[in-house]
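Biologist: I have the sequence and the model open side by side. Could you walk me through it?

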Amino acid sequence: MHILVLGVVLMTAWTGFAEAQADATPIKMVVLGDSLSAGLGLSATAAFPERLEKTLESKGIAVDIVNAGVSGDTSSGGRDRLDWSVPDGTRAVILELGANDALRGTDPAVTRSALSDILARLKGRGIAVLLCGMIAPPNYGSDYSARFNAIYPDLAKSFGVPLYPFFLEGVAGDAKLNQADGMHPTAEGVDVIVKNILPTVQAFLGTLSGQRS
C-alpha cells in the first residue's frame, strides 16, 4: 500500500512538472552580434541562435531566441541599431560584438564606449545581458591586444553582468571547425561553441526564470 501511494505521489509530481514546462512562457532572448553569431555561410538552422535554442529546449528550458546578428557589424553599429534589434518584451540579450573592431584595428576606446552604451541602455530597460568576450588578433601588437582584451572583463565587472570570456573558445584556429576563410565557424564549429557556452547560458537564464538543467 505504501509503495502504491508513493508511486501515485511521484507520478503526480512528475505530471505537474511536465505540465509546468509545457505551459511555461518562453524567455524572449536576442543574440545581438556580427557574422560569427549570425551564421555567415551557413543555413539558417545551423546558425548559433537557432542551435542554442534547440539545445536549450532539449534541456527543458523554454526560449524564443531572435538572431539579431549582422555580418560586418561593429560594436558602434550594434549600438546604432540597438532599439530596433532588441524589441520590447525582450528579457535577455547575448551580446557578441567586437570582432570586426579588432580586425579593423579600431581604437579600443571606441569599442569600449560603444559596448558600454549598449550595456547601459539595456540595463535601463531592465534587460539582462550575457557579455561574450573577443580576443584581438596579434597583428596590431601587444599594446593594442592588451587594451582591447581588457574591455570585456572590465565592462562585465562594471555593469555586474556575466561574462563568457571568448565566444570562439575551442573553435578559433582549428581549420576543421572553420570555413575556408579561417574565421567563420562551420556548422560543426557552431555546435562546439554551443556546447562550450551552454553551462554559462543555462546559469544566466536560471537567474531569470528558475529554469535549470
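Modeller: Before we look at how helices pack, one term is needed: an axis here is a line fitted to C-alpha atoms, for helices over the stretch in contact, and an angle runs from 0 to 180 degrees between N-to-C directions. Please also keep in mind that this is a predicted model.

Biologist: Okay, so at what angle do helix 8 and helix 9 pack?

Modeller: Helix 8, residues 142-149, and helix 9, residues 151-159, pack at an angle of about 20 degrees, and their axes are 5 Å apart. Angles under 35 degrees count as roughly parallel, and helix 8 and helix 9 are therefore described as roughly parallel to each other.

Biologist: Which residues make the contact?

Modeller: On the helix 8 side they are R147, F148 and N149, and on the helix 9 side I151, Y152 and P153.

Biologist: Staying with helix 8, is S145 buried or exposed?

Modeller: S145, which lies in helix 8, has a relative accessible area of 13%, and because the cut-off for buried is under 20%, S145 is buried. Setting aside neighbours within four places in sequence, S145 is in contact with A136, P137 and P138.

Biologist: Let's change topic. How many helices and strands are there?

Modeller: The secondary structure of the protein comes to 10 helices and five strands. Buried residues make up 44% of the 213 residues, and among contacts between residues at least 6 apart in sequence, 76% join residues at least 24 apart.

Biologist: And which residues touch the most other members of the largest nonpolar core?

Modeller: That core has 55 residues, and F48, L52, L56, L95 and L205 are those that touch the most other members. Its largest share, eight residues, comes from helix 10, which covers residues 187-209. In soluble globular proteins, nonpolar side chains tend to be buried together.

Biologist: Take L56, then. What is L56 in contact with, beyond its sequence neighbours?

Modeller: Leaving out neighbours within four places in sequence, L56 is in contact with M29, I61, V63, I65, L198, V201, Q202 and L205.

Biologist: What does the side chain of N178 reach?

Modeller: The side chain of N178 reaches the backbone oxygen of V171 at 2.8 Å, and a polar atom of that side chain also lies 2.8 Å from the backbone oxygen of D174. Apart from neighbours within four places in sequence, N178 is in contact with V171, A172, G173, M183, H184, P185 and T186.

Biologist: Last one: which side chain is joined to that of S85 by a polar contact?

Modeller: The side chain of R81 is joined to that of S85 by a polar contact of 2.8 Å. S85 belongs to helix 5, residues 82-85, and counts as buried because its relative accessibility is 6%. With neighbours within four places in sequence set aside, S85 is in contact with V30, L32 and A68. S85 and A68 are 17 residues apart in sequence and 6.0 Å apart in space, C-alpha to C-alpha.

How values were computed
Residues are numbered from 1 along each chain as its sequence is written. This is a predicted model: local features need pLDDT of at least 70, side-chain atom pairs count only at pLDDT 80 or more; totals for chains, interfaces and linings use all residues. Side-chain values use heavy atoms; hydrogens and water are left out. A nonpolar core is a set of buried Ala, Val, Leu, Ile, Met, Phe, Trp, Tyr and Cys residues joined through side-chain atoms within 4.5 Å. Buried means under 20% relative accessible area, exposed over 50%, partly exposed in between (1.4 Å probe, protein chains only). Helices (H or I, at least four residues) and strands (E, at least two) are DSSP runs, numbered from the N terminus. Contact means heavy atoms within 4.5 Å. Angles under 35 degrees count as roughly parallel, over 145 as roughly antiparallel, 65 to 115 as roughly perpendicular and the rest as oblique. A polar contact is a pair of N or O atoms within 3.5 Å; within protein, one must be able to donate a hydrogen and the other to accept it, and residues adjacent in sequence count only if both atoms are side-chain atoms.
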